[in-house]
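Student: Got this one open on my screen and I'd like to go through how it packs inside. Can you take my questions as they come?

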Amino acid sequence: MSDAICRCPWLDLSKPDYVEYHDKEWGVPVYDDQTMFEYLTLESAQAGLSWYTVLKKRDNYRRLFANFDVQAVATFDKQKIEQLLTDPGIIRNRLKVQAAVNNAQRFIEVQQEFGSFCDYIWGFVDHKPIVNTLNSVDDYPATSDISDALSKDLKKRGFKFVGSTIVYAHMQACGMVNDHSEDCFRRQPIIEQYS
């Protein structure tokens with residue numbers, strides 16, 4: 001029997017944890033700095049890999065990165081980074097792990113300047129989600145003018161692994177853009193909840 005619920009065309013329905021992520025988290029607007037830091041860290045770790053690869057390791061990231069407490073991650077030293085690189089529970093890419101620590105430090109600088117990181121990042125979409133009209137997998141963009149601008153600004157502020165494609169994926173995940181397909185059962189409830 002087929003699943004009567006219609007979901008986004010990119011979703012692999014054979015992976016229950018992926019379906020749960022789509023159904024409960026993806027595209028839901030995030031206004032909490034700790035969650036925003038988690039998403040940004042995980043998106044940066046994803047660079048060059050599939051999101052599902054990172055999703056399967058998320059619990060390990062939470063355990064090893066102080067549950068994404070930005071203040072704690074910002075203090076990770078060389079010894080801690082070396083320790084992290086021995087753990088197969090995360091993506092053991094030195095540049096990505098170093099970037100997570102660097103980005104925590106930059107994240108705090110943005111918080112100090114804007115009051116919260118969410119205030120800063122949501123400013124790029126005038127503090128309300130952009131709702132796109134997507135029907136097939138081919139309709140999904142990899143970047144946008146806004147992700148280009150945000151990526152450029154993040155890089156200027158010293159963030160690493162924040163190219164436009166990563167930033168656009170981050171915008172999708174944290175609900176800055178609602179890229180649920182038109183026939184996806186999640187699209188309208190998110191619009192109604194946050195409009």
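Student: Which helices each supply at least two residues of the lining of the largest cavity?
Tutor: Helix 2 and helix 7 (94-114) do, where helices are DSSP runs of H or I with at least four residues, strands are E runs with at least two, and both are numbered from the N terminus. Bear in mind that this is a predicted model: local features need pLDDT of at least 70, side-chain atom pairs need 80 or more, and totals for chains, interfaces and linings use all residues. Residues are numbered from 1 along each chain as its sequence is written, and side-chain values use heavy atoms, without hydrogens or water.

Student: OK, and which one gives the largest share of that cavity lining?
Tutor: Helix 7, with three residues. On a 1 Å grid over the protein atoms alone, a cavity is a set of points where a 1.4 Å probe fits but cannot get out, a pocket is an open set with protein on both sides within 12 Å along at least five of seven lines, and lining residues have an atom within 4 Å of a point.

Student: How much space lies in the largest cavity?
Tutor: About 50 Å³, taken as the space filled by probe spheres on grid points joined across faces, edges and corners. A search of the whole structure finds one cavity of 30 Å³ or more.

Student: What's the class make-up of that lining?
Tutor: Six nonpolar, one polar and one charged. Here Ala, Val, Leu, Ile, Met, Phe, Trp, Tyr, Cys and Pro count as nonpolar, Asp, Glu, Lys and Arg as charged, and the others, Gly among them, as polar.

Student: Back to those two helices: at what angle do helix 2 and helix 7 pack?
Tutor: About 145 degrees, with their axes 10 Å apart. Axes are lines fitted to C-alpha atoms, for helices over the stretch in contact, and angles run from 0 to 180 degrees between N-to-C directions.

Student: Switching to helix 10. How does it sit against helix 2, and at what crossing angle?
Tutor: Their axes come within 9 Å and cross at roughly 140 degrees. That makes helix 2 oblique to helix 10, given that under 35 degrees is roughly parallel, over 145 roughly antiparallel, 65 to 115 roughly perpendicular and the rest oblique. Met36, Tyr39, Leu40, Glu43 and Ser44 of helix 2 meet Ile166, Ala169, His170 and Ala173 of helix 10.

Student: And what about helix 9 against helix 10?
Tutor: The axes of helix 9 (residues 145-156) and helix 10 (residues 164-173) come within 8 Å, crossing at roughly 110 degrees. So helix 9 is roughly perpendicular to helix 10. On the helix 9 side, the contact includes Ile146, Leu150 and Leu154, and on the helix 10 side Val167, Tyr168 and Met171 are among those involved.

Student: How much space is in the largest pocket?
Tutor: About 440 Å³. It has 19 lining residues, and those closest to its centre are Trp26, Gln46, Trp51, Ala169 and Gln172. Helix 10 gives the largest share of the lining, five residues, and helix 1 (16-24), helix 2 (33-46) and helix 10 each supply at least two.

Student: Last one: where's Lys128?
Tutor: In the loop between helix 8 (117-122) and strand 1 (130-131). Leaving aside neighbours within four places in sequence, Lys128 contacts Trp122 and Met176. The C-alpha atoms of Lys128 and Met176 are 7.0 Å apart, though 48 residues separate them along the chain.

Terms used. Contact means heavy atoms within 4.5 Å.
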